[in-house]
Amino acid sequence: MGKSKCAFCQLQRTDRVFYKDSVCYAVLDLNELTKGHTLLIPMKHYENMLSTPEKVISHMYKVAKHLSIKINKTFGAEGSNILTSSGTTAGQDIMHFHIHIIPRYRTSQGVIRFYYLDSKLKDPQGKEKRLTTLKNLFTKSEIKR
Ligand SMILES: [Zn+2]
């Protein structure tokens, strides 16, 4: 999708924006899951987190932390989910990187752990092998600290 047709490239110029700095901006999600459900979006177009420069990601998560603290305090939320989806199979709907900040409130249903909705892995066999594979993969970590 070209930038000119990207909803999140357009949205930054609207009056729905309630936070803005040189890197990113925030709006309420059009379909708020909870009171204060916010989207934090980079000004520049990156398809998802996996293709976004680390400097931008780092800045945005710092902003997400601060927004979440203020939003929770303002609306009386007791917790929050701060998450992003990368790719359509992960449920990403708009192909412009964004972080969901979802304030969580105590409800009569208790805590809804929505990230387990697809239920656990049906066939956990091979878990030890996957663990070994991952340990070998990250023995010499490429992540700079
Ligand atoms: Zn865009």
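User: Which residues does Ile101 touch, leaving aside those up to four places away in sequence?

Analyst: In this predicted model, the partners of Ile101 are Thr38, Leu40, Ala64, Leu67, Ser68, Ile71, Ser80 and Ile82. Each counts as a contact because the two C-beta atoms, placed from the backbone, lie within 7 Å.

User: What makes Ile101 part of a nonpolar core?

Analyst: A core of this kind is a set of buried residues of types such as Ile, Leu and Ala, joined through C-beta atoms within 7 Å. Ile101 belongs to the largest one, which has 14 residues. Along with Ala26, Leu40, Ala64 and Leu67, Ile101 touches the most other members. At least two core residues come from each of strand 2 (24-28), strand 3 (38-42), helix 2 (54-75) and strand 5 (99-104).

User: Why are strand 1 and strand 4 said to stand at the edges?

Analyst: Happy to walk through it! The 5 strands form an open sheet, ordered 1-2-3-5-4, with antiparallel pairing. Strand 1 (17-20) and strand 4 (79-83) each have a single partner strand, so one side of each lacks a neighbour in the sheet. On average, neighbouring strands are turned by 20 degrees against each other, direction ignored.

User: How do you know that strand 3 and strand 5 pair?

Analyst: Pairing takes at least two DSSP bridges between the strands. Strand 3 and strand 5 are joined by 3 bridges, so they qualify, and they run antiparallel. Within strand 5, His100 is the residue opposite Leu39. Helix 2 packs on this sheet, where it touches strand 1, strand 2, strand 3, strand 4 and strand 5. The direction of helix 2 makes about 20 degrees with that of strand 5.

User: Why is Ile94 called partly exposed?

Analyst: Good one to check by count. A residue is buried with 20 or more other C-beta atoms within 10 Å, and exposed with 12 or fewer. Ile94 has 15, so it falls in between and is partly exposed.

User: Where is Ile94, and what does Ile94 touch beyond four places away in sequence?

Analyst: Ile94 sits in the loop between strand 4 and strand 5. Its contacts at that separation are Ala7 and Phe8. Glu47 lies 47 residues from Ile94 in sequence, with their C-alpha atoms 8.5 Å apart.

User: What is the pattern of the chain, read along the sequence?

Analyst: The pattern reads α-β-β-β-α-β-β-α, with 3 helices and 5 strands in total. Of the 145 residues, 17% count as buried. Among contacts with a separation of 6 or more, 58% join residues 24 or more positions apart.

How values were computed. Residues are numbered from 1 along each chain as its sequence is written. This is a predicted model: local features need pLDDT of at least 70, side-chain atom pairs count only at pLDDT 80 or more; totals for chains, interfaces and linings use all residues. Helices (H or I, at least four residues) and strands (E, at least two) are DSSP runs, numbered from the N terminus. Axes are lines fitted to C-alpha atoms, for helices over the stretch in contact, and angles run from 0 to 180 degrees between N-to-C directions.
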